[in-house]
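Please examine the structure shown here together with its sequence. The briefing is arranged by topic.

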Amino acid sequence: MAEAFVQILVDNLSSLIQGEIGMIMGVDEEMNKLSSTLTTIQAVLEDAEEKQLESKAIRNWLCKLNDLTYEIDDILDECATEVSKSEHKINKKNRLKKILYQYKIGRRMKQVTKKLDAVAAERTQYHLREMVVDRQSKVVPMRQTCSVLNESHPVFGRDEEKEKIVDILVNQMSERKELSVLPIIGMGGLGKTTLAQLVFNDKRVADHFEIQLWICVSDEFDIITLIKAILESASGNASASDLLHLDTLRRRLSELLNQKRYLLVLDDVWNDDQEKWSLLKSYLACGSSGASIIVTTRLKSVADIMLTFPAHRLAGLSEKDCWDLMKQRAFGHEEEEHPNLEAIGKQIVKKCAGMPLAAKALGGLLRFKRNGQEWIHVNESEIWNLSPTDTLILPALRLSYNHLPLRLRQCFAFCSVFPKDNLIYKGELIHMWMAHGYISSTGTMEVEDVGNEIWNELVLRGLFQDVYTRYNGEVCFKMHDLVHDLAQSIMENKVIGTQVEINKRSVPNTKIRQVNLQNHSVAFPTRIIPNLDLTSALMSYSRLRFLNASRTKIDDLPSEVGKLKHLRCLNLSGNKFRSLPNAICSLWNLKILNLNNCNKLVSLPKDMRYMRNLRLLLLEGCFFLSEMPPSIHELASLQTLSLFIVGHEKDNQLKELEFLNLGGKLIIGHLEREKNLVDAKKAILAKKQNLRDLELLWEVDNASKPGEDDKVIETLQPHPNLEKLIVRGFKGNNFPLWMGNSTLENIVEIIIGRCPNCLRFPQGFGELPRLKRLKLEELAVQYITEDDTGGINSLTPKFPRLKDLTLRSLPNLKGLLKVEMVEMFPNLETLKIIGCPSLILPKLSSLKSLYAYSCSSVTLTSFAKLDNVTELWMEIDESMTCVPQQTLGNLTNLKRMTLVGPSEHSLPVEGLRGLKSVKTLEIQKSKTLTYLPKEWIPHLTALERLDIFRCPEFVEFPEEIKYLQTLTRLNLRNLPKMTCLPNSLQHLLSLQSLLLQDLPRLTLLPDWLGNFTSLDALEIRYCPNIASLPAIIQGMKNLKKLVIASCPELTRRCGQKEKGEDWHKIAHIPDLHIY
């Protein structure tokens, strides 16, 4: 770890010396001496890193060195800042003050040089070897064919153990009256959580338990926190987060679990305090028979105080399974065999001791090696023979760390700043690396790109896991506990002493580089300070590089924030202030300012143009921002500006974007204010090659003169690298020509709305080669494209890759293409139509899902051409007496159909041929439908599921329903007038599942339910007037599952085991859920 940070200092010193910073500040000699001494120490650091695992003296020496590197880093940072300000004529010190400042810096530099000399001399006591280490700054690029980021890997060797635990839960524990607790014990990295997940998601387990809850406990076993987590797990939201009183939480927990068979997984438990567990257990002991808890833990002492059932001790994987796992990570999907490497690999696997995580990490390490000697070196490494540390760090993972390139080591170890089991955002992590100086630009690569490649390689090496992309495009991931332990042990050696030493002595505030006010933590070392707030943080920690005050309810930012002269990243997102103090502009070194979702922010400081090192200014969700501060073009380092509001003055209009090399996402608002076409052209978006997402907005009350908007939008032609374009509120008469040419050759998504004067799209709009998603709303166009080049026989397909098309409120739209062609929309899968009364659809051969809202007869008639559609969602307008017979007649591949608002006569008999393949039919929100029309039934020959939902007049089924011999599932929901189950239903002998929900007038269930000999699931929910179950239930031997929910009398008669009047009728049913 020291090796990595010392390398950063050496590189920094080299850069400062080359830039003659030392000469300017009068400390050139000291800088050169520091560089020489650090390079001398650096030569032995690789050996020291390995030997520190056995030698406390070497570990303490490394801690002294790391402590000193922080002090050196601060001095160098101040030197660079002072010179940079002078070069930009920002420094306002007079000559005398400059001399005094240089004197102080010189004295500090001599002091730190003397300290470093002493540390360098001490190294000779430890007989450390000089070792050559690869210090290349280049990061190994991500392999093009790698699938680690997207594929879920199979689980090896746990099937037998999963079956054993499932049997215990479903069979052995099902009748136990007391709360059952089954611990799973094993070392970190053995796969306890994975095994619990396999069990938790098994269908037999899901069917057996009424409620399933998963709580990750980790280090803190706080009763209030755990109960909140359980309640939130059940509800799926943070509804319990504001509850503070234990008694309130206990009552809420009892309401949730009372007399229910639930499964609760307490993952990663460390608490061995008997009293804490006994208290929690007493609150959980309100469930029904069979209620169970699975506990995963590393500690036998935890299992001993919690178990009521013999603990399952998780063994390591067999050598075969371990090799299969390591081989998958090492070779991926390569078809080429490597017999020589496999022979060595099977020897390396023995060192893993059956540890899945070690196999994954080593597989990730070996993934980059195809030379036999490299594999032999891994196998013969001396580190294998070292004992694991007290934090259960595996030699295999330590070896993986030692094989990381230098610049990856610091970045990896830093991740210990996040709590265990925490969801980590990739973008935020890279910003942290930037703030601490762990990554920097290299050659043509921007610092963000370097961070991205480092992150990718850490994923490939198996050190990050559970990677996924959220709905908004943010990439998230987690670290395995054992990997977190590794990072923590490394990072804690980097500060003043080991973890034990940290606890014995306080860490000076000058060593704190990061504050997170969301969880009240500081780093490094990472620790929690309960009452930490913004005011105390600004007073106590003057050398911060990173400050996170996101969503901390700040309504007035103190001006003292301007004193954090080392600060690189400031996250103020989600707060309530209306403005920022101008003092924030004093943060010369600030690179990242996050103001996302500050939805009350009206203005930015007028002196922001002086923040010359700012790279990211994030303003998404700042809806009330009135305009940009003046002369923002002076922010020459700016790479991301997510929102630019055109102002009323010359120094805050579009020309300010001219010299900014922006990337990522850019929203330009209030474009109606731009009146100077010459200035608008200066925005030159066409040269911003890193821009991926562009949104152009005109306000609804746009009072532009005719032709002004047309000229402005034409000047805003983006670079061809753009992937997403949104245009809203445009009042011009013509869309720009660049919207239909090679400018958008890489565009993937386009959204265009509220452009009432545009009558057509430009020529070429239908030939965008990579467009996959298109949404058009509130436009006056008659066709999506009127381009008729080539005629009907043209071989050039229109919209060749479009998959999703949404058309909303397009009153004049007549068709998709003015001239129908052989190849049009060849890959369109999903089409949504809302309020397009004149639309006539062409044949769309690949269309699978069709959503039609308030469509006219004209549009519905054209559905006849869509014979490949498998899913239809159709809302039938009240004004429509009958759907045209052509609508459904040709939909012979239809598998699922949802009808919203139909009447008895909505579907003509002559046009029902399309129903013959329908397997699922849902009828909902009909105000007039009283029964299922008998004319439909002969055509529903393949129907397997029927769902009647929110039909206030529905009460009956015709006798002909008996002909639905394939129907296996019937759901009757929210039918307020149904007083009894129609007798015609008794002939549905193939029925396997029946749901009765929200039938407030239903008073009894008929005896003919016994005719349903195939029924295996019966659910009765929110039917308060059903008083009892028919006796015939007792004879329904195939009934495997019964749910009774929110039926007070029925719950009383059935919910009390062996005491309720109807208990004997349902005692034979294995899976009961009554609450």
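The points below concern surface charge, cysteines and a loop residue.

This is a predicted model, in which local features need pLDDT of at least 70, side-chain atom pairs count only at pLDDT 80 or more, and totals for chains, interfaces and linings use all residues. Residues are numbered from 1 along each chain as its sequence is written, and side-chain values use heavy atoms, with hydrogens and water left out.

**Surface charge**

- A patch of positive charge on the surface is formed by Arg770, Lys772, Arg801 and Lys803 (patch residues have over 30% relative accessible area and no salt bridge, and like charges are joined within 9 Å; a salt bridge is a side-chain nitrogen of Lys or Arg within 4 Å of a carboxyl oxygen of Asp or Glu).
- Arginine 801 belongs to the loop between β23 (783-785) and β24 (804-808), where strands are DSSP runs (E) of at least two residues, numbered from the N terminus.
- Arginine 801 counts as partly exposed because its relative accessibility is 45% (buried means under 20%, exposed over 50%, and partly exposed in between, with a 1.4 Å probe and protein chains only).

**Cysteines**

- A disulfide is a covalent bond between the sulfur atoms of two cysteines.
- With a disulfide taken as a pair of cysteine sulfur atoms within 2.5 Å, the count is zero.
- Cysteine 758 is in no disulfide, and the nearest cysteine sulfur, that of cysteine 755, is 5.7 Å away.
- Cysteine 758 has 0% relative accessibility and therefore counts as buried.

**A loop residue**

- Leucine 989 sits in the loop between β32 (969-973) and β33 (993-997).
- Leucine 989 is partly exposed, because its relative accessible area is 46%.
- Between leucine 989 and glycine 1010 there are 9.9 Å in space, C-alpha to C-alpha, and the two are 21 residues apart in sequence.

How values were computed:
Patches are made of residues with over 30% relative accessible area and no salt bridge: like charges are joined within 9 Å, nonpolar side chains (Val, Leu, Ile, Met, Phe, Trp, Tyr) within 5 Å. Accessible areas come from the Shrake-Rupley method with a 1.4 Å probe; for residues, only the protein chains shown count as cover. Lys and Arg count as positive and Asp and Glu as negative; His and the chain ends are not counted. The place of a charge is taken as NZ of Lys, CZ of Arg, CG of Asp or CD of Glu. Helices (H or I, at least four residues) and strands (E, at least two) are DSSP runs, numbered from the N terminus.
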